[in-house]
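These are my notebook entries on a single protein chain. I record below what I looked up, entry by entry.

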Amino acid sequence: WALGPPGRRVQVILLDLRTFRADLVRVTGAEAQEAACRPPDPNGFQEYCPHGPASGAPLLGEEQWAWLEAQLREPADVRVLASSM
């Protein structure tokens, strides 16, 4: 979305980081401590941890990257980029 006249235009970009996100990692208690995630609860349910930044796990798909690049080429004086993260 773009709001306002030229010279005062604000662009709001909302990213969907769920659709193409890599699956979360299921971990055991020891792995959870290493990854700084909560360990499994007393009822035995496993915990899921996000991938670390070095994993290369994607958040955006190719089509989403192309769309974002096109949005960033639009004229705007201020951009607000928001995501669920």
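Does Ser-83 count as buried, partly exposed or exposed, and at what relative accessibility? I found it partly exposed, because its relative accessibility is 37%; buried means under 20% relative accessible area, exposed over 50%, and partly exposed in between, with a 1.4 Å probe and protein chains only.

Basis of the entries. I worked on a predicted model, in which local features need pLDDT of at least 70 and side-chain atom pairs count only at pLDDT 80 or more, whereas totals for chains, interfaces and linings use all residues. Residues are numbered from 1 along each chain as its sequence is written, and side-chain values use heavy atoms, with hydrogens and water left out.

Entry on Ser-83. I placed Ser-83 in the segment after strand 5. Leaving aside residues up to four places away in sequence, I noted that Ser-83 touches Leu-15 and Leu-17, a contact being heavy atoms within 4.5 Å. From Ser-83 to Leu-15 the C-alpha separation is 4.9 Å, although 68 residues part them in sequence.

Entry on the whole chain. I read the order of elements from the N terminus as β-β-β-α-β-α-β, with two helices and five strands. Helices (H or I, at least four residues) and strands (E, at least two) are DSSP runs, numbered from the N terminus. Of the 85 residues, 18% count as buried. Of the contacts between residues at least 6 apart in sequence, 61% join residues at least 24 apart. The chain exposes about 6700 Å², of which carbon and sulfur atoms supply 56%; the areas come from the Shrake-Rupley method with a 1.4 Å probe, and for residues only the protein chains shown count as cover.

Entry on helix 2. I looked up the buried residues here and found Gln-64, Leu-68 and Gln-71. They lie on the same side of helix 2, because they cover an arc of only 60 degrees around the axis; the arc is that of the directions from the helix axis to the C-beta atoms. An α-helix has 3.6 residues a turn, so residues three or four places apart point the same way. On the other side of helix 2, I noted Glu-62, Glu-63 and Arg-73 as exposed. Strand 2 (10-14) and strand 5 are among what covers the buried residues of helix 2.

Entry on Pro-75. I located Pro-75 in the loop between helix 2 (62-73) and strand 5 (78-82). Pro-75 counts as exposed because its relative accessibility is 60%. Its C-alpha atom is 9.0 Å from that of Ala-2, which is 73 residues away along the chain.
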